[in-house]
Amino acid sequence: MGHRAVSPPRPLPRGPWSYLAWLVSRQRGRVALGAVLGSTWTVGLVLPPYLLSRAVDGLADGQRDVVLWWAAALVAAGGVLTGLSIWRHRTMTRVRMDAAFRTMSEVNAHTVRLGATLARRARTGEVVAIASGDAWTIGRSLTATGPGVGAVLAYVVIAVLLLRISVLLAVVVLAGVPILALVVGPALGRLQKVGTPYREQQGRLTGRIVDVVAGLGVLNGLGGKVIYADRIRTESQHLLQQGYRVGRVTSVIQAVGLGLPTLFSAVVVWLAARLAAEGSLSVGELVAVYGYAAVLAVPVASVIENAVDLSQALVAARRVTDFLALRRDNTGAAAPSGEGDLIDEVSGLRITPGTFAAVATARHSDAAALVDRLGGFQPGATWAGQPVADLDPAPLRGQVLVADNDADLFAGSLAQVVAGRHEVDQVGEAAVLDALHTAAADDVVRGLPEGVGSRIDSGGRNLSGGQRQRVRLARATAADPAVLLAVDPTSAVDAATEATIVDRLARNRRGKTTLVTSTSALVLQVADEVHLLVDGRVVATGTHTSLLADRPEYAALVHRGERSDARPDDEAQT
Amino acid sequence: MSAQLLRVAEPAEVRRAAWRLILSDRAAFVVVLLTNCAAAGAGLLGPWLVGLIVNEVQAGAGVAAIDWLGLLVLLAAAAQFVIGRQARYKSYRFGERTAARLREQLVDRLMQLPARTVERVGTADLTSRATTDAALVSFVLRDAAPEMVFAVVQALVIVVAVILLSPLLGVVGLVALVAIPVVLRWYLRRARSAYLVQAAANAEVAEVLASTAAGARTVEILGLQEQRTTACSSSIAAATAAQLRTLQLRSVFFPTIDASTALAVGTVFGVGGLLYLDQQISLGTVVAAVLYLRQLSNPIDTILIWVETLQSSAASFARLEGLVSPAEPPRPAPTGVTATPVDQHIVVTDVHYAYDDTDVLHAVNLNIRAGEQLAVVGPSGAGKSTLGRLIAGVDRPRAGRVTVGGADVADLAPEQLREHVVLVTQEQHVFADPLRDNLTIAAPHATDEELLAALGVLGADWFDDLPDGLDTDLGIHRLGGAQAQHVALARVLLANPHTLVLDEATALLDPTAARRTEQALAATIRGRTIIAVAHRLQTARDADRIAVMEDGRITELGRHNDLITTTTSYAALWRAWSGDTT
């Protein structure tokens, strides 16, 4: 019995900021390279205006022989910047990918760690939200580490260059920066505020559309399309009005982001032009000042963009850290001792090792709760004297297998689905076919284009309900657990197949402990011991035949009340 | 397999559809273009004025003259600010409106999809189109398109301005930029499929995570931790490869564009400089032309940033447009039958049905009297559910006919069909809406009393536990499988068709509850035709007639009492089940 280690949760950052920092620390080298390239490139942007100013001065002096050299230098500088730019983009793309995929990996790993706890807390929606959106939002925000750093540096370089041309101009630029930031900052906050109801409404609308898509079958069969179409239209129009409001603010912010630097550079140009007219500035320097002021727009724009990305990423990262902070419900550490009676204290059920037991009850929910307790998902049962819920889940799951009809089928080849936690090569195809045979699923193999090698879609979508149930059962028998607890394993198959399955299952499980819940006579007559459960308590135990004879309520249950309300002409037949 | 059932629109269709969207709001679109042109034009005043200043300074103009030009530079910047904001706002409104129109169109299209298409495609593909694709397209319309329009207009206006300034320099600049259309063409040809692969790979990662989460309990029970981790990392590896492929494309595309603009700036300066030294143009003209070309990199960068998003959104748009005319098997030629059923008599004549190439139904014939209760039994995969769906008109036979009152059921309009035949399966959707709305879809004018009566008849005792009765929001208060089945059956009672096809419609109920529900159903719809696909023998026993199906054929057909006295497989099973050893 292989022990599957539930990998212990690694200490991961708790807050959104530290989570982002952690993502950076996972790829320090790459982030550093991105920062260097981003900075070099942004700073390098001042090179062309600098070269241009020198070239214009040369032209103004009438130097014919150097014109082409300057032209070549402009092209070469452009070439270097081009190289830096793509290198930076390649690096930053990898940084973003790493952050996004690492987040998804961690979330997947934690989902796996949480196991049944996640199912109980019904938090699956969050995982979907993280995988489809949040992870990428977080990845995008790491852009701030590269070009973001460069933006600040470029600012400094431009200030220094201006200082060499004119102190007055440099002071204007240095003072202008904080003013720009102060004006743009509050506007960004406003954008977040306006955007929130919009995004919420958008989420609601998407949810509604998903709901309608899932219910299209119902709407097609029974009507109601007009009502739903109208409802979505109303909400869509509502979203449109909110969108207009967001657009009003967004357009102002973007105009500010682009327009303020332009206005600012206009002021700088005016000042420079006056200095040039006074003769304290050359024509080339005037052009340079204009160029520098224009280049300034790049770092300002990227700072604004980074701020928006970051504010969104913090929300996303909070969702991720909250999810990663979820802890398993049962933290039992006791090792199961193995053999011994399995006793459910709530119902009074006792299963002795090596028997094929059956539980018959009128209520599905009672059977499911019973199996949940025996499997240690809920307290109330003991195994060889130990409370099952307090046992270490890793070894426990290897020995006690709960097979319920809600169990999911994951995408993969049929052989892989059946082989479960083992590799197909490890267990051998023969074992897989054997398990499928036990579950009377040979026809599933035959019906698929490539036999056991055929791909099963996620959720077994390309199988029928009955096929899915048999594949699940095959998977459970292939795992060959010491204790198999199966909830109504034949509920979706026809009577003939049911008879075949129970027959083979009983043979397959000989010598091991098995419990099935069912109300089908075909299943119950195979069991060594049948327990009749009424209102969640065992009221009678015996064989199918003895219970049929002794307990009228049992007969009523398995023949579905036929003795009490069957039609008279049927009486003769039974 | 299901992916091929829904189309992806061809590029030509996509272009036509995009054009239709623009035309339907053309006045606004013209305003968008005009304001964007004005904003771009205002942006050009700056370099032109700098050129003038250069000329004035060279000519030794005084500070007063320069002040006038300086003031103009400031005014130009202010104009750019104000007009630019207007241009963006107009674009946003246009984009937002178009996104809303697209969204509403999408819902209409989903509603118009034939039932059999929905049935076959499954909800996964439809959902991803309705959410991921629709979201990307509206994002582009709202955020990317306005930027893109602004950038394209700006780039064009700049090129025109250089040509106006000096036709020769304009031509030199354009020649230097010639690599851009070439590389753009190269890129766009490859980008579409590469970004489609990337989107699919990303969706696969999300799918893996979603199924791990949905099946978290199963993962724990079966110890599939390692499998799921492997599945996650291999899907991530595939997505990484797909992203690196698109990055590779950009690694050719971006540098070519950047280098081209640098080349244009250099050559225009070189040629312009020589022309200036030959005194053919002023220094101001050279400076303005060079500054313009340098300004060109702004719109080009914007276009570069968005062109990939635009590409993927074009792919998404194609998937949305693909919803219009889903791949439908060609309808058989009209056979001259009446379009409206004349009675409630259902006849299945020589029906064949194939999922792929192999028939799963072979020459099935069945004649169902009005008011008859027919049970269809047989092993899994025998074609019971398929037959049920054909009778309910959800699907169309490959050959042969299924008629109600002489009319082909598959040809009936949904509104008409639901008055005659309704199919109930065990998979029933409950909308995230109040219980009342969930029921009234089948009977919009039903009173609360009628709704409660329908639930009461079915024995839906859980109703008493609902916090707000009929007003309980089932999106918050989720129903269990058995409860959902009650809702589904209550809808059918309210819809009141003369024929019901029940495909394991009570399978999720407790045995006793199922029994009670079936009896209630039978009592309430007495006089109606019921075709019940069942694997429970008790259900079969209660029916007027039983059809036993095996391998896509009806092998036995008759009354329970007649069948069990024979040596048929049904008789053998019945004996095993009832414990009758005689």
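Start in chain B, where α2(B) passes α3(B) in a left-handed crossing; left-handed here means that the near helix is turned anticlockwise from the far one by less than a right angle, while clockwise would be right-handed. Helices are DSSP runs of H or I of at least four residues, strands are runs of E of at least two, and both are numbered from the N terminus.

To see this pair, select residues 26-58 of chain B for helix α2 and residues 63-112 of chain B for helix α3; the two pack at an angle of about 160°, their axes 8 Å apart. Axes are lines fitted to C-alpha atoms over the stretch in contact, and angles run from 0 to 180 degrees between N-to-C directions. That angle makes α2(B) roughly antiparallel to α3(B) (over 145 degrees; under 35 is roughly parallel, 65 to 115 roughly perpendicular and the rest oblique). Colour the contact by class and you will find 22 nonpolar, 8 polar and 2 charged residues. Nonpolar covers Ala, Val, Leu, Ile, Met, Phe, Trp, Tyr, Cys and Pro, charged covers Asp, Glu, Lys and Arg, and the others, Gly among them, are polar.

A note before moving on: this is a predicted model, in which local features need pLDDT of at least 70 and side-chain atom pairs count only at pLDDT 80 or more, while totals for chains, interfaces and linings use all residues. Residues are numbered from 1 along each chain as its sequence is written, and chains are lettered from A and ligands numbered from 1 in the order in which they are written.

**Zoom out to chain B**

Along the principal axes, the C-alpha atoms fill a box of roughly 120 × 60 × 50 Å.

Next, select A363(B), which sits in strand β2 (residues 359-368) of chain B. Its phi is positive, about 45°, although A363(B) is not a glycine. With 14 C-beta neighbours inside 10 Å, A363(B) counts as partly exposed (20 or more other C-beta atoms within 10 Å is buried, 12 or fewer exposed, in between partly exposed, with C-beta atoms placed from the backbone).

**Cross to chain A**

Where do the chains meet? Look for 143 residues of chain A in contact with 135 residues of chain B, contact meaning C-beta atoms, placed from the backbone, within 7 Å. On the chain A side, helix α10 (residues 225-278) gives the largest share, 31 residues. By class, that side has 75 nonpolar, 47 polar and 21 charged residues.

Buried residues make up 50% of chain A.

**Last stops**

Select A109(A), in helix α4 (residues 67-114) of chain A; A109(A) is buried, with 20 other C-beta atoms within 10 Å. Then draw a distance from A109(A) to L219(A): the C-alpha atoms are separated by 38 Å, with the residues 110 apart along the chain.

Finish at D535(A), in the loop between β11 (529-534) and β12 (537-542) of chain A. D535(A) is exposed, with 10 other C-beta atoms within 10 Å, and its phi is near 50°, a positive value in a residue other than glycine.

Methods. Two residues are in contact if their C-beta atoms, placed from the backbone, lie within 7 Å.
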